Each structure stands twice: as structure tokens, then as C-alpha cells.
Amino acid sequence: EAATQAGQHRLKLELGFSHDHLVVGTIGRLDTNKNQAMLLRAVVPLVKKWPQTRVVIIGEGYLKSRLLSIAQDLGIAAKVSLPGNIPLAVRYLPAMDVCCMTSFTEGMPNLVMEAMAAGVPVISTCCGDTGDLIDHGVNGYLVTVDDVESMSRYLDLLLSNRDHRMEIGRAAEIKMRSEFTVQQMVSRTT
């Protein structure tokens, strides 16, 4: 666990955070469907309670300036980072204490699968096949599309309890390794 923690600290530093920041993040195109504004709104009630909270939204898109403007209007701009596109961005998933997917629609979302495989607890909107990936309350949390209040509540639950974050992350990783191997995916597709 010490090696994992050291790796997480290194990745946080690379993203411009300190090791004691609680990083809530996502990766994806900055567009209407991905709905990253939901994440910004969900974090607002938490930054006073958890001042070490930081948000990173990795990706590029036409809504970047709009998201920065929303963060400014919400009074959380100093806690939000939009670094743009980062090659092989998924390598930064372990820097996140919680990964959030806020999309309106998805198929089988890579972000959720990759975060779970990396042992990162996920809170996701219930869209596409997220219900096949996440067993609510066991290996992640599902919320209704654009339900800011529920996302905020589950973020609070995870940020307030490191052991619970670790437990949810481990359960997520086990699910990915046991049910979503390449061999099993090929077998199911065949």
C-alpha cells in the first residue's frame, strides 16, 4: 500500500496538486453530453467542509471556457484545474481519490471501466451500461442523470472516509479483473 500511495502522490504532483489534496476528477471531451458542469455544481457544498478538495477535468472541447466560467461563478475556480488533453490521460486515474462520470448518455463507458480497473472509486450517472459495471454501494455509486445533490452526497461519503474509498476501489478492481477480462469480453461478444 505504501508503494501505491507513493505512486498516487507522484501523479498528484504531476497534475499540480499536493499529496494531501483530495482530488475529484474526470476525463473526457468537454462537451454538452459529458456534462462536467454537474461535477462542478456537486463539489460546491463540499469545498467548505473539505477545503483540501480539488477538481481536475482532463480533456479538451468547445465547453472549456464555459466550464471555467461556471467554476468562477460558483466561487470554486481556485480549486478547479482543466489541464486540457494529456496523452495517455488514464495513467492519471490513480491520482484521483474519486472519479466521477457525469454523462447524459454513454454506451459501455471506458472511463468507468478504466477507473474501476485502477481501483479508483467511481460515482457515475446511470446511463448506458454503467449498471452492468457498478453494483451501487458495493464497488461504486450510481446517480440519476444530472442529480447534483446525490452526486454531492456520495462524494461527501467517499471524501470523509479513506477506508471506505479504499474498500470501494478494491471491490471495483476485483469486479473488473474477475468479470471484464479480455478473454471474457471476447467470449461474450462471440
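**Strand pairing and the first helix**

In this predicted model, strands E2 (residues 53–58) and E3 pair in the parallel sense over 3 bridges; pairing requires at least two DSSP bridges between two strands. The chain crosses from E2 to E3 through helix H3 (residues 64–74), and this β-α-β crossover is right-handed, that is, the path from the first strand over the helix to the second runs clockwise with the strands pointing away from the viewer. Helices (H or I, at least four residues) and strands (E, at least two) are DSSP runs numbered from the N terminus. Ile58 has Gly84 of E3 as its bridge partner. Of the 5 residues of E3 (residues 80–84), 4 are buried (under 20% relative accessible area; exposed, over 50%; partly exposed, in between; 1.4 Å probe, protein chains only).

Residues are numbered from 1 along each chain as its sequence is written. Local features need pLDDT of at least 70 and side-chain atom pairs pLDDT 80 or more, while totals for chains, interfaces and linings use all residues, and side-chain values use heavy atoms, without hydrogens and water.

Helix H1 (residues 2–14) comprises 13 residues. Gly7, Gln8, Leu11 and Lys12 are the buried residues of H1. These residues lie on the same side of H1 because they cover an arc of only 135° around the axis, taken from the directions from the helix axis to the C-beta atoms. Strand E1 (22–27) is included in what covers them. On the other side of H1, Ala2, Ala3 and Leu13 are exposed. Just after H1, Gly16 adopts a positive phi of about 95°.

Technical notes. Expected span 1.5 Å × (residues − 1). Contact = heavy atoms within 4.5 Å.
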